[in-house]
Amino acid sequence: MKKIILASSSPRRKELLELIKIPFTVHPSKAEEVIEKDASPEDVVEQLAMIKAKEVSSYYQDGIIIGGDTIVVYNDVILGKPKDEEEAFSMLKMLQGNVHQVYSGVALVDAKTGKSLAAHQVTNVYMSSLTDDEINLYIKTKEPMDKAGSYGIQGYGALFIEKIEGDYFNVVGLPLSLLKTLFEKFGINIMKGILHPKSKV
Ligand SMILES: Cc1cn([C@H]2C[C@H](O)[C@@H](COP(=O)(O)OP(=O)(O)OP(=O)(O)O)O2)c(=O)[nH]c1=O
């Protein structure tokens with residue numbers, strides 16, 4: 001069985017990878033997340049996903065490392081995770097009543113060969129209007145604090161997401177169909193790992 005290592009501290013990415021029932025281990029990246037000035041949203045998520053996967057790959061001789069990164073983009077402004085409750089409030093104030101984009105990058109690195117690939121996915125998210133009181137109540141749940149754009153579609157945030165266009169899993173942090181495509185580009189059919197968990201994927 002080729003070892004699969006998820007280079008992420010995100011509980012959401014772990015839960016999403018668990019959905020497809022392939023064996024994997026988690027090794028969060030300690031890489032410094034530095035990006036080029038004026039990088040486009042797609043470059044940001046692909047570069048950061050790759051930085052995380054490459055840093056973790058340095059600890060292994062073999063195996064496929066998966067890195068991921070998610071950002072929210074509204075009117076050309078890139079929103080990451082809020083640094084405090086005040087910033088969470090201003091992000092949600094900006095996003096409520098509007099449509100924004102969620103970009104997630106995925107990177108794969110083969111620790112043995114050094115081969116690497118990255119790609120990204122975009123989802124449009126329509127958020128309903130929220131009063132300041134509602135935003136403050138939501139912030140009190142603490143849910144926004146570790147999430148790009150200060151909300152989680154998979155949690156209380158579901159209450160104010162009216163609709164999305166694109167991959168739901170992309171919003172939560174790991175676009176699974178894109179992951180399958182990337183594995184195929186590595187010559188690996190991830191579906192075989194599901195049907196025969198002990199076989200070589
Ligand atoms: C928009 C949105 C983001 N998120 C999360 C996914 C990511 O965990 C987080 C964005 O932060 P990231 O920097 O992409 O990831 P992370 O710091 O949580 O984990 P790591 O770098 O170790 O992989 O926002 C949700 O859980 N739900 C949502 O609806």
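Helices (H or I, at least four residues) and strands (E, at least two) are DSSP runs, numbered from the N terminus. I keep to those labels throughout.

**Entry 1: ground rules.** I am working with a predicted model, in which local features need pLDDT of at least 70, side-chain atom pairs count only at pLDDT 80 or more, and totals for chains, interfaces and linings use all residues. Residue numbers start from 1 along each chain as its sequence is written.

**Entry 2: the ligand.** I found 26 residues around the ligand, with Ser8, Ser9, Ser10, Ile153 and Gly173 the closest. Strand E3 gives the largest share of this shell, four residues. Helix H1 (11-19), E3 and helix H5 (168-172) each supply at least two. By class, I noted eight nonpolar, eleven polar and seven charged residues in the shell. Here Ala, Val, Leu, Ile, Met, Phe, Trp, Tyr, Cys and Pro count as nonpolar, Asp, Glu, Lys and Arg as charged, and the others, Gly among them, as polar.

**Entry 3: strands.** Next I followed E3 (residues 64-74) to E5 (residues 99-110): the two are antiparallel and share ten bridges. For pairing, DSSP must find at least two bridges between two strands. Gly67 has Ala107 of E5 as its bridge partner. E5 also runs antiparallel to E6 (residues 116-127), with eleven bridges, and His100 sits opposite Val125 of E6. Five residues separate E5 from E6 in this hairpin, and Gly114 in the turn has a positive phi of about 80°.

**Entry 4: the core.** I then checked the largest nonpolar core, which has 48 residues; Ala49, Ala53, Ile65, Ile66, Ile71, Val106 and Ala107 have the most contacts inside it. Helix H2 (residues 41-57) brings the largest share, eight residues. Such a core is a set of buried Ala, Val, Leu, Ile, Met, Phe, Trp, Tyr and Cys residues joined through C-beta atoms within 7 Å. Buried means 20 or more other C-beta atoms within 10 Å of the residue's own, with C-beta atoms placed from the backbone. Leaving out residues up to four places away in sequence, I see Ile66 touching Ile4, Leu6, Ala7, Ala53, Val106 and Leu108; contact means C-beta atoms, placed from the backbone, within 7 Å.

**Entry 5: helix H3.** Last, I looked at H3 (residues 85-95), where Ala88, Met91, Leu92 and Leu95 are buried. They line one face of H3 because they fall within an arc of 95° seen down its axis, counted from the directions from the helix axis to the C-beta atoms. Their cover includes E3, E4 (77-79), E5, E6 and helix H4 (132-140). Just after H3, I noted Gly97 with a positive phi of about 75°.

How values were computed
Buried ≥ 20, exposed ≤ 12 C-beta atoms within 10 Å, placed from the backbone. Contact = placed C-beta atoms within 7 Å. Near = placed C-beta within 6 Å.
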